[in-house]
Amino acid sequence: MVSPRDDGGPRLYVEVERRAPARDGDSPTGVIRAYGEVDMGTVAELKDCLDPSLWDDCAGVVLDATEVRFMDSTALSTLVVADRELGEEGVRFAIATEPRSQIEGLLEITGLRKRIPASLD
C-alpha cells in the first residue's frame, strides 16, 4: 500500500502480513510494517491498516515502526485509538521501534510506551 506524496513519490509505505500461529489452536498474529513518515497527509493509510475488523481473528497486532522517520500528533492520536479499538475486540497491540529513535522518544515522552508495549511477548 502506498500513499503518494504531492510530488508523486511515496512518503509512507505500509506492508501488512498475517503470520500463521506457531502452534495448532493458536490465533494468527498481524504485522504492519510502516516505512517513511506518518503525518496528517499520510495517517489515513496507517489508520486503514489498523482497522480492528481486519484483525478480529488475531491474538495481536504489531506495528513495526522501526523504519518510520517521523510521526506527528495525528499519528500518535491514531495509535491511541487503535490501541483502544483493538483492545475492545480482544486483540493485543504493540509498537516495535528502534531503541533511542525519535519514534521511541515520542512514545516515552507522551506516556504511550507505558500503555502500548514494544512486543506481544
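How many disulfides does a search of the whole structure find? The count is 0.

A disulfide is a covalent bond between the sulfur atoms of two cysteines. Cys49 takes part in none. The nearest cysteine sulfur to Cys49 belongs to Cys58, 13 Å away. Seen from the other end, the sulfur of Cys58 has its closest cysteine sulfur in Cys49, and 13 Å is too far for a bond, since the cut-off is 2.5 Å. Are these two residues buried or exposed? Cys49 is buried, at a relative accessible area of 2%. Cys58 also counts as buried, at 5%.

Cys58 has another reference point in Ala20. Their C-alpha atoms are 9.6 Å apart, while 38 residues separate them along the chain. Ala20 sits in the loop between E2 and E3. With 65% relative accessibility, Ala20 is exposed, whereas Cys58 is buried.

Confidence comes next. The protein chain has an average pLDDT of 91, and 92% of its residues reach at least 70. The highest mean is 98, in strand E5, residues 92–96. The lowest is 41, in strand E1, residues 2–4. Residues 1–6 have pLDDT below 50, yet in the model this stretch makes 18 contacts beyond near neighbours in sequence. Where pLDDT is low, the predicted coordinates should not be read in detail.

The largest nonpolar core contains 28 residues. Those with the most contacts inside it are Ile32, Val38, Leu63, Met71, Leu79, Phe93 and Ile95. Several elements contribute. E2, E3 and E5 each supply at least two residues, and so do strand E4 (60–71) and helices H1 (43–49), H2 (73–88) and H3 (102–110).

Ile95 shows how such a residue is surrounded. Leaving aside residues up to four places away in sequence, Ile95 touches Leu63, Ala65, Leu79, Leu107, Arg113, Ile116, Pro117 and Ala118. Two of these partners, Leu63 and Leu79, are also listed among the core residues with the most contacts.

Leu107 leads on to H3. There, Ile103, Glu104 and Leu107 are buried. An α-helix has 3.6 residues a turn, so residues three or four places apart point the same way. The cover over the buried residues of H3 includes E4, H2, E5 and helix H4 (112–115).

The backbone on either side of H3 deserves a look. Most residues other than glycine have a negative phi. Arg100, in the loop between E5 and H3, has a positive phi near 60° although this residue is not glycine. Arg100 is exposed, with a relative accessible area of 82%. Just after H3, Gly111 takes a positive phi of about 85°.

Last, the aromatic rings. The structure holds 1 aromatic pair. Tyr13 and Tyr35 have ring centres 5.9 Å apart and planes at 45°, so the pair is tilted; stacked would need under 30 degrees and edge-to-face over 60. The pair joins distant parts of the chain. Tyr13 is partly exposed, at 33% relative accessibility. Tyr35 is partly exposed too, at 29%.

Terms used: Residues are numbered from 1 along each chain as its sequence is written. This is a predicted model: local features need pLDDT of at least 70, side-chain atom pairs count only at pLDDT 80 or more; totals for chains, interfaces and linings use all residues. Side-chain values use heavy atoms; hydrogens and water are left out. pLDDT is the predictor's confidence in each residue, from 0 to 100. Helices (H or I, at least four residues) and strands (E, at least two) are DSSP runs, numbered from the N terminus. Contact means heavy atoms within 4.5 Å. Rings of Phe, Tyr and Trp (its six-membered ring) pair if their centres lie within 6.5 Å; planes under 30 degrees apart count as stacked, over 60 as edge-to-face and the rest as tilted. Buried means under 20% relative accessible area, exposed over 50%, partly exposed in between (1.4 Å probe, protein chains only). A nonpolar core is a set of buried Ala, Val, Leu, Ile, Met, Phe, Trp, Tyr and Cys residues joined through side-chain atoms within 4.5 Å.
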